[in-house]
Amino acid sequence: MILSCQNIRKEFPENIVLSDVSFHIEDHEKAAIVGINGAGKTTLLRIIVGELPADDGQVVLSKGKRFGYLAQNAGLNSENTIYDELLSVREDLTILERRIRELEVSMQEADENIMEQYSLLTHRFESDGGYVYKSELVGVLKGLGFTEEEFTKPVSTLSGGQKTRVALGKLLLLSPDLIILDEPTNHLDMNSIAWLETYLLNYKGAVLIVSHDRYFLDRIAGKIIELDQSKSTVFSGNYSDYAGKKEQLRIARWHAYLNQQREIKHQEEVIEKLRSFNREKSIKRAESREKQLQKIEVLDKPTEAHSDMKLVLTPHIQSGNDVLAVEGLSKSFGSKTLFSDVHFNIKRGEHVAIIGDNGTGKTTLLKILNDLIPADNGAFKLGTNVEIGYYDQEHHVLHSEKTLFDEISDEYPYLDNTEIRNVLAAFLFTGEEVFKQIKDLSGGERGRVSLAKLMLSNANFLILDEPTNHLDIQSKEILEDALNNYEGTVLYVSHDRYFINRTASRILELKGSVFVNYIGNYDYYLEKKELLSPAASEPLNTKPFQTTAAKADWQQQKEEQARLRKKENDLKKCEERISALEERQNTLTEEMSAPEVATDVAKLQAIAKEQQEISDELDILYTQWTELAE
């Protein structure tokens, strides 16, 4: 066991956040903490790492074990470049390498002590990963979405999200016994999240994560720690296992609660009846029953799934069968082309998800379709009776100076006060909260107001830009259920793979300035992408009804198969070369330790030179292997 939390309690004014929270993490275990916004997840992490004191209970980290913690929006104030900032993590190796180089210069004196020291330091350098740490550093930076051109950027010039990625990279390179991450996927694109998943799955230490990314939790977690109404419950398995067990538990608790409430009500009625008899014996019996009733440990009312927020999206007018036709659409900013000559159609009832790396133009396309920015070339056409409802991730549809109440009433003046309050209550805004100004709301609260406005609109074609951003898991599930029951058409951009998997009937991937079409959900997309079959996907900027399409597909398939065979051969050769070089490196280290070599300056220098050459070649090969193995 690496971490134990025992009876943790934390109370803030008028709010008990945590009470009797207990769980433990085993060595090499991957666990996740889940719960609605405000459940105390980040508070618990801060108590574990010592940033916040618990009111009661204790946190025990196994003796000699180290942890690393990445907070949400972990900012870095550094004048280092991105590369140098990560390099600072292994400062011990850079100092050691510098000392080795100094000894190499001094070895010309043939001093036996110098040669012995040199041998010891080079052995230590190798055993601590001195010949591979720079390759690992580059691999981590690329995995987290930084290009080589960005390596020399000063950290101080980066955005908040980029700084968080640098902080995450430093933490991974530190390789602590326990990695603690608070929302690590918030600033990563899909490729970087997939890379992080693989990294953490193969990580030798333990991992504790707070995340709203359910797909990520499904891949990583083997244990779920749920925080609900200040208490903790531990579930074995990943997020999907937890969700199934949670629902079964919820039903069982609900039945137990209802049965107890029925029994309490029955006893109260009996007591009242006995007292009404107004006789000594009946009053004594009533008093006896009252005492028994007071001894009952009353069960808390369980949290009903989705009880607080109901989202119903109903188009008032049905559109024609053809909802959207895009013809030859192109958009560039300066010399950067986002997409070009794009063609696709959307039919009534389709739920289409747009995915792709950050900065490829997904949000730009939605803005073009909403006439917020012009396309460079091409056009799009809406079908008969199509009415768009647009949800943008920056919530520009909201007015910062207005109150929540005015935001709704000004947009929909035909609603009376009660109707407006009921709509806002459905999105968790009650009492005096309805008179808060939009500018004072959090990102998640603004998202809920935008969804409330969307619900009231007459739209039959929803265009949504990152609709799950800042929503907790429960709110995401509410939105998923609403979209799955929606009879209109949906086009959205999202990086939430679980959300896409549950709601998309089709996926458009924006890659290399063109769109590729996949008829299915996210699991289908992954399956087809892995197979790399041309039949599974079709570039959307090809003209329809080409007579040579079948021949072109066959030719493309042949070329792809040949490319894959070459890639496999290159990977095999790369692995063989790495293995040979590593074996040679070990042999050289053994030779250097031999007594007859330790006193031979020329021999030692020759070995050191060969080791450096091998190290340089390995740096290149490790990078090649990483690219080939992706």
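Reader: In which helix does E197 lie?

Author: The model before us is a predicted one. In it, E197 belongs to helix α7, which covers residues 190-201.

Reader: Is E197 buried or exposed?

Author: The idea is to compare the relative accessible area with a cut-off, and a residue under 20% is called buried. E197 has a relative accessible area of 2%, and therefore counts as buried.

Reader: Which residues does E197 touch, apart from those up to four places away in sequence?

Author: With those sequence neighbours set aside, E197 touches Y215, F216, R219, I220 and R497.

Reader: Where is S192 placed, and is this residue buried or exposed?

Author: S192 is also to be found in helix α7. Its relative accessible area is 3%, so S192 is buried.

Reader: Which residues are in contact with S192 once its neighbours within four places are left aside?

Author: They are G143, L144 and G145. S192 and K142 are 50 residues apart along the chain, while their C-alpha atoms are separated by 8.5 Å.

Reader: How far apart are A598 and S119 in sequence and in space?

Author: A598 and S119 are 479 residues apart in sequence, and 7.5 Å apart from C-alpha to C-alpha. A598 is placed in helix α19, residues 595-598. With residues up to four places away not counted, A598 touches M115, M592 and L604. A598 has a relative accessible area of 21%, and so is classed as partly exposed.

Reader: What percentage of the contacts in the protein join residues at least 24 apart?

Author: Among contacts between residues at least 6 apart in sequence, the share is 68%.

Reader: How many helices and strands are there, and what are the spans of the protein?

Author: The protein has 20 helices and 19 strands. Its C-alpha trace spans about 110 × 80 × 45 Å along the principal axes. Of its 630 residues, 47% count as buried.

Reader: Let us turn to helix packing. At what angle do the axes of α12 and α14 cross?

Author: One reads the distance between the axes together with the angle. The axes of helix α12 (residues 404-411) and helix α14 (residues 443-456) come within 11 Å and cross at roughly 20°. Angles under 35 degrees count as roughly parallel, and α12 and α14 are therefore roughly parallel to each other. The crossing by which α12 passes α14 is right-handed.

Reader: Which residues make the contact of α12 with α14?

Author: From α12 the contact draws on L404, E407, I408 and E411, and from α14 on V449, A452, K453 and L456. By class, the residues of this contact are five nonpolar, no polar and three charged.

Reader: How do the axes of α12 and α13 cross?

Author: The axes of α12 and helix α13 (residues 417-426) come within 10 Å, with a crossing of roughly 120°. That angle makes α12 oblique to α13. The crossing of α12 and α13 is right-handed. The contact is made by L404, F405, I408 and S409 of α12, together with N417, I420, R421 and L424 of α13. The contact of α12 with α13 comprises five nonpolar, two polar and one charged residues.

Reader: Where is D341 found, and what is its phi?

Author: D341 is found in strand β11, residues 336-347. Phi of D341 is near 50°, a positive value in a residue other than glycine. With 29% relative accessibility, D341 counts as partly exposed.

Reader: Finally, how many disulfides are there?

Author: A disulfide is a covalent bond between the sulfur atoms of two cysteines. The rule applied here asks for a pair of cysteine sulfur atoms within 2.5 Å, and by this rule the count is zero. As for individual cysteines, C5 is buried at a relative accessible area of 1%, and C574 counts as buried at 5% relative accessibility.

Methods. Residues are numbered from 1 along each chain as its sequence is written. This is a predicted model: local features need pLDDT of at least 70, side-chain atom pairs count only at pLDDT 80 or more; totals for chains, interfaces and linings use all residues. Side-chain values use heavy atoms; hydrogens and water are left out. Axes are lines fitted to C-alpha atoms, for helices over the stretch in contact, and angles run from 0 to 180 degrees between N-to-C directions. Helices (H or I, at least four residues) and strands (E, at least two) are DSSP runs, numbered from the N terminus. Angles under 35 degrees count as roughly parallel, over 145 as roughly antiparallel, 65 to 115 as roughly perpendicular and the rest as oblique. A crossing is left-handed if the near helix is turned anticlockwise from the far one by less than a right angle, and right-handed if clockwise. Contact means heavy atoms within 4.5 Å. Ala, Val, Leu, Ile, Met, Phe, Trp, Tyr, Cys and Pro count as nonpolar, Asp, Glu, Lys and Arg as charged, and the others, Gly among them, as polar. Buried means under 20% relative accessible area, exposed over 50%, partly exposed in between (1.4 Å probe, protein chains only).
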